[in-house]
Amino acid sequence: MAGGDEFYIGYQRQAPAGLSRFQRWTVAALLLAAAVVAVALAALQSDFDPGVFEFGVVRDFAGVVHERPHPLLLVDRPGHNLPEPSRFLLVAAGKHGADGEVAGLDGRRVRLRGTLIHRQGQTMVEVVAGSVEPTGDATARPAAGAVDLGVQTLRGEIVDSKCYLGVMKPGRGKPHRACATLCIRGGIPPVLRVETGSGEYRHFLLTDEAGGVINHRLLDLIAVPVEIAGRVLRTGDLLVLEIDPTTIRRLDAAAGSS
Amino acid sequence: MAGQLGERTVSHAYQAVGWNRQKRVYDLTLLAGVVGYLALFVGVGAMLSPRATVETLIIRAFGTAALLLLHVVLSIGPLARLDRRFLPLLYNRRHLGVALFVLGLVHGGFSILQFHALGVVNPLLSVLTSNGSWSELAGLPFQPLGLAALAILFLMAATSHDFWLANLTPPVWKGLHMLVYVAYGLLVLHVGLGVLQAETHALLAGLLALGFAWIVAIHLIAGRRERAADRELQGAVAEDGFVEACRVGDIAEKRARIVCLSGERIAIFRYDGKISAVSNVCQHQNGPLGEGRIIDGCITCPWHGFQYDPADGASPPPFTESVPTFRVRLDGDRVLVHPHPQRPGTRVDPAALQEES
C-alpha cells in the first residue's frame with residue numbers, strides 16, 4: 001500500500017511533517033473542488049421564471065368580485081376611462097383557493113387586503129384572510145361579455161396559477177408537480193401554459209365546457225406535456241379555455257398507458 | 001501506559017466527544033468548507049439569476065452540499081486503502097456523516113415546507129403519495145427516495161458514537177452503517193428522477209454520472225487490491241501444522257506483515273526482538289491492525305488508534321476489547337504461524353529473535 005512509513009493517529013498532538021503537508025494539500029484541493037462545484041452548479045441552473053411575489057407587502061385593493069369559476073377581482077384601471085377593468089385572480093394563503101373569502105359576494109363591490117403576484121400581464125392577489133369587505137353597491141359596472149376566439153387545439157403544461165405566476169420558481173415541471181397538485185386540489189385556479197415561440201408564453205384559465213370548476217379532474221395531468229382542444233374565450237385581459245377534461249391527451253412517455 | 005498515549009484514551013470510554021486538537025481543526029475546516037459552499041452557491045446563484053427566489057437557492061444549496069459531502073465520505077475509505085496518507089481524514093469521518101445529515105435535514109425540511117405544507121393533505125403523507133406515476137421511469141416519484149435516504153442518514157448520525165458501536169455490537173453497527181451505500185443509491189435516483197427532470201443542462205447530469213463513476217471506480221480498485229491481499233498463503237506446511245508465512249527480514253521493526261491463512265487475515269508483528277501474530281481485524285470498526293504499528297508496546301490500529309497487547313491480543317486495562325492470537329515460531333529466519341486461532345485475549349509466547357551480531 002502506498003503512503004510511506006509515517007504513522008499518525010488523530011489523538012496524537014502533532015502529525016509527522018510529511019503527513020501534515022499531505023493533509024494540508026488534500027484539504028486545500030477538497031475545498032477548491034467544493035468551490036468549483038458550488039459555482040458550476042449555481043451557474044448551470046436554468047434561467048428563473050420572471051414572476052414576482054411581493055412577499056411581506058400587503059396592499060389595499062377595491063373592485064368587483066366574481067365568484068365563478070374562480071374568484072376574481074375586477075379592478076378599474078386608474079387614470080383610464082377604459083370599458084374593461086383589470087382582472088385579478090384571487091387566492092388564499094398557502095395552497096388554497098379564495099372561494100371561502102368571497103362566498104356570497106358575487107357581483108359586489110368590495111375592499112380587500114392582499115399581496116400581489118404578477119407575471120407577464122397576469123395579476124393575482126393572495127387575499128389576507130377575513131379582509132374582504134363589501135362596500136355597498138350591489139354591482140358597480142357590469143363587465144363586458146366574453147369574446148369567443150373559437151375552438152383551438154393547444155399544447156402545453158397544466159400548472160397551478162399561484163406558484164406559476166411567481167410564488168415559486170420554478171413553478172412548473174416535475175419537481176414542482178406535487179406542489180401544483182396540492183394547490184389545484186386546494187382550489188387554486190389551474191392554467192394551461194402554452195409556449196408561443198421565442199420564449200413567450202400565454203396562460204389559459206381552465207374550466208369545463210359550461211364554465212365550471214374542473215380542478216379535481218386534472219390531478220393526474222398536472223406538470224406533464226398535454227394537448228387540449230377547447231373553446232377559447234377572452235374576457236378582458238383573461239384567457240379562458242373551456243374543455244372536456246376527458247379529451248386531454250398526454251404527450252409524454254406515459255401517454256400510452258394512461 | 002499501554003492503552004493510552006499521553007492522556008488520550010484509545011478505546012471505549014463513552015465520553016460524549018473526546019475533543020482534541022485534530023478534531024477541532026477537522027471540524028472547523030469542515031464548518032468553513034460547508035459555510036463557504038453554501039455562501040458561494042447562494043451568492044453566485046443570486047448574482048447570475050436576480051429573479052431567483054431565495055428559498056429555491058437554499059433548497060438547492062443544501063441539497064447539493066449534502067450530495068457532494070456524501071461523495072467525500074464515500075471516497076475516504078477506499079482512498080485510505082490505496083494510500084495510508086488519507087487515514088487522518090478517516091479518523092473523524094463520522095463528523096462528516098453528522099454534518100451530512102444536518103445538510104440533508106435542512107434540504108428536506110425546507111422542501112417539505114415549500115412543496116408539501118399548507119395544503120389540504122398532511123405534508124408527510126403528501127411526500128409519500130404525491131407526484132406518483134409508476135408507469136414510466138421519468139415519472140417515478142422522487143420524494144420518497146430522498147426521505148428514505150434521510151432516514152438512513154439519521155440512523156447513522158444518531159448511532160455514530162462508540163457507545164452505540166459497543167451496545168449494538170460491531171457486526172450490527174457495521175451493517176447499519178453500510179446502509180450508507182443504499183442511501184447513496186437512493187439519492188442518485190432522487191436527483192436523477194427529480195430536479196434533473198427539470199434542470200436539463202447536460203453538464204448537470206454529467207456531474208452526477210461522474211460522481212457515481214468515481215465512487216464505483218475507487219471501490220472496485222480498492223476491492224481488487226484487497227482481493228489480491230487475501231490470496232491464500234501457499235507456504236510450506238510443517239509436520240506440526242505451522243505454515244511458513246514470511247522471512248524475519250520481510251517485517252519492518254514495529255510493523256507487521258499481513259498474510260492470509262485458512263481464509264483469515266493474520267498480522268505478524270516484529271517488535272523489540274520478538275514476533276507475535278494476531279487477527280488483522282480490529283474490534284472497533286474492523287480496521288486493519290497489520291497496517292498499524294507498535295506504539296508504547298501496543299499494536300495500534302491505523303484507523304482510530306485502538307490498542308492491543310501483541311502477546312495476548314487484549315486491550316490494556318481498563319479496556320476490554322481483544323482479538324484472536326496465533327501461535328508463532330521461528331525456523332532460522334523463517335517465520336511460521338499456526339493457522340488455528342486462539343480465543344481472543346489468549347496469551348501466546350512471542351517468538352524471540354536471536355541477537356543480531
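Here are legends for a handful of close-ups of this predicted model. Residues are numbered from 1 along each chain as its sequence is written, and chains are lettered from A in the order in which they are written. As the model is predicted, local features need pLDDT of at least 70 and side-chain atom pairs count only at pLDDT 80 or more, while totals for chains, interfaces and linings use all residues; side-chain values use heavy atoms, with hydrogens and water left out.

**View 1. Chain B as a whole.** Chain B carries 10 helices and 13 strands, read as DSSP runs (H or I of at least four residues for helices, E of at least two for strands) and numbered from the N terminus. Its C-alpha atoms fill a box of roughly 80 × 45 × 35 Å along the principal axes. Of the 357 residues, 51% count as buried, that is, under 20% relative accessible area with a 1.4 Å probe and protein chains only; exposed is over 50%, and partly exposed is in between. For contacts (heavy atoms within 4.5 Å) with a separation of 6 or more, residues 24 or more positions apart account for 56% in chain B.

**View 2. Where the two domains of chain A meet.** An automatic or database assignment sets the domain bounds, giving domain 1 (52-134) and domain 2 (147-256) in chain A. The contact takes 25 residues from domain 1 of chain A and 29 from domain 2 of chain A. Together the two bury about 2200 Å², 61% of it on carbon and sulfur atoms; buried area here is the accessible area (1.4 Å probe) lost on putting two parts together, summed over both. On the domain 1 side, A:His70, A:Lys95 and A:Arg119 lose the most area, together 31% of what that side buries.

**View 3. Helix H4 of chain A, tucked in.** Eight of the nine residues of H4 (residues 177-185) are buried, so the helix is largely enclosed by the rest of the structure. Among those buried are A:Cys179, A:Leu182 and A:Ile184. The cover comes from both chains: it includes strand E8 (147-160), helix H3 (161-167) and strand E9 (190-197) of chain A, plus helix H4 (93-116), helix H5 (123-129) and H6 of chain B. After H4 of chain A comes A:Gly187, with a positive phi near 105°.

**View 4. B:Ile152 and its neighbours.** B:Ile152 sits in helix H6 (residues 143-158) of chain B and is buried, at 11% relative accessible area. Leaving aside residues up to four places away in sequence, B:Ile152 touches B:Leu179, B:Val180, B:Val182, B:Ala183 and B:Leu186. B:Leu168, 16 residues from B:Ile152 in sequence, is 16 Å away in space, C-alpha to C-alpha.

**View 5. Two cis prolines in chain A.** A cis peptide bond links A:Arg68 to A:Pro69, with omega about -5°; A:Pro69 belongs to the loop between strand E2 (59-66) and strand E3 (72-75) of chain A. Another cis bond joins A:Lys169 and A:Pro170, with omega about 0°, and A:Pro170 lies in the loop between H3 and H4 of chain A.

**View 6. Positive phi in two loops of chain B.** B:Lys254 has a phi near 65°, positive although the residue is not glycine. B:Lys254 is in the loop between strand E3 (243-247) and strand E4 (255-261) of chain B, partly exposed at 25% relative accessible area. B:Asp296, also a residue other than glycine, has a positive phi near 55°. Its loop runs between strand E7 (293-295) and strand E8 (298-300) of chain B, and B:Asp296 counts as partly exposed at 47%.
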